[in-house]
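Here is a friendly walk through one protein model.

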Amino acid sequence: MIPIYETYFFGNEKKYLLNCIDTNWISSQGSYVSKLEIAIADYHNSKYAITTSNCTSALHLSLKSLNIGHGDEVICPNLTFISPANMILLSGAKLVLVDIDPHSLTIDPNLIEKKITNKTKALIVVHQFGHAAHMDEILDIANRYKIDVIEDNAESIGATYKGKMLGTFGKVSAYSFFGNKIITTGEGGALLTNEESIAMKIRELRDHGMNHKKKYHHVDLGYNYRMTNMQAAIGLAQMEKLDQILSIRKNQMKLYYNELSGVQGITLRDFADWCEPVHWLMTIKLDKQFDREKFLDFMRENNVECRQMVNPVHLADHIKEKNTEKFPVSCNISNQSVHLPSGLALTELQIKKITDLIKTYLVRKQSIRRD
């Protein structure tokens, strides 16, 4: 079976991890935590990076650090992994969903303004599948209405918008280092900000609401959202190889596009000229004549693991009962899109096998339909 994704370690991961074990610094107080934070901040030319237990906790901390809670409204794209939507609800705020742009697959800036009220306090931007959101338009709206912007950069570390690194536009930005992300710590995440007061509040909230100067004096209702030293050790080794990882991934995307460009029955993502994307998961959209579930079954039967795109947020059971709006673009993209295997160790021969199977399936189904 060719898996949808697999981790690939080719740097100092084992060396740093064994150092944690040998020195007995395995929890959140070890030196690799601060080393990883410095590496992330330096890479983005940002003042502060704070590691977390995962990206979901990072998103929760971002909202709480901006004092978002009951009575507030937060805007979020309708097609995204559900974490940002869930964290808006967990913070006590009202979730306000906006459909996506069909090309960038990020929040549609033309639909944002009509969702803003006097209770709107923040907007979460998700840089979807390695592609930047429309930041000029979004920032213009945010500035005019005095709304804070939070960037969810879970899938797009290293990508840029008009030459500027993603994660450096918003007041706070969140990252994921889950096992299937561009770099990994197993589970883990991080936050970036240039504001000292926000960074300090995030650190205190991350550590049970404990005052940063006075141990065991708790100044707020906090959480245990810390990253362990062992996770950070792996993450630091991954950061050291990030440019190489991105280069390998870019080449992988080129191989896929060379094999699948012009193939009848599917659409490949195109990329805006203002975006320098990164390659996370290879994504194709099947024409409506094809049944996505049957396609996934066919690939699985031929030992290739593909994955359906995430469902639109408004279809989640705990959200749809409070929502009557329809989101046509999100539904169309989600229902017909699949992700192809995109692990870093994927070989050219494996990509050829995957793409040949796709072509075989499409031709066979079209031939049956004609007959």
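Which residue is the bridge partner of lysine 285 in S14? The partner is serine 337. Before going further, a note on the model: it is predicted, with local features needing pLDDT of at least 70 and side-chain atom pairs counting only at pLDDT 80 or more, while totals for chains, interfaces and linings use all residues. Residues are numbered from 1 along each chain as its sequence is written, and side-chain values use heavy atoms, with hydrogens and water left out.

Helices (H or I, at least four residues) and strands (E, at least two) are DSSP runs, numbered from the N terminus. Two strands pair if DSSP finds at least two bridges between them. Strands of a sheet pair through backbone hydrogen bonds, either parallel or antiparallel.

Lysine 285 belongs to S12, where threonine 267 also stands opposite this lysine. Next to that pair of contacts, isoleucine 284 has valine 338 in S14 as its bridge partner. Strand S12 covers residues 282-286, and four of its five residues are buried; buried means under 20% relative accessible area, exposed over 50%, and partly exposed in between (1.4 Å probe, protein chains only).

The open sheet has four strands in the order S10-S12-S14-S13, with antiparallel pairing. S10 and strand S13 (307-308) stand at the edges with a single partner strand each, so one side of each is left without a neighbour in the sheet.

Strand S9 (residues 189-193) has five of its five residues buried. Gly189, Leu191 and Thr193 lie on one side, with Ala190 and Leu192 on the other, and both faces are covered. Serine 173 stands opposite leucine 192.

| Strand pair | Bridges |
|---|---|
| S10 (residues 266-268) and S12 | three bridges |
| S12 and S14 (residues 337-340) | four bridges |
| S1 (residues 48-52) and S9 | five bridges |
| S8 (residues 172-176) and S9 | four bridges |

**Helix H7**

Helix H7 spans residues 196-206, and its buried residues are Ile198, Ala199, Ile202, Glu204, Leu205 and Arg206. Their cover includes helix H2 (31-44), S1, helix H3 (55-65), S8 and S9. Just after H7, histidine 208 takes a positive phi of about 65 degrees.

**The whole chain**

Stepping back, the protein chain holds 13 helices and 14 strands. Its radius of gyration is 21 Å, close to the 21 Å that the globule rule gives for 371 residues, so the chain is as compact as a globular protein of that length. That radius is taken over C-alpha atoms, and the rule is 2.2 Å times the number of residues to the power 0.38. The C-alpha trace spans about 75 × 55 × 35 Å along its principal axes.

Of the 371 residues, 56% count as buried. Contact means heavy atoms within 4.5 Å; among contacts between residues at least 6 apart in sequence, 71% join residues at least 24 apart. The accessible surface comes to about 16700 Å², of which 49% belongs to carbon and sulfur atoms, by the Shrake-Rupley method with a 1.4 Å probe.
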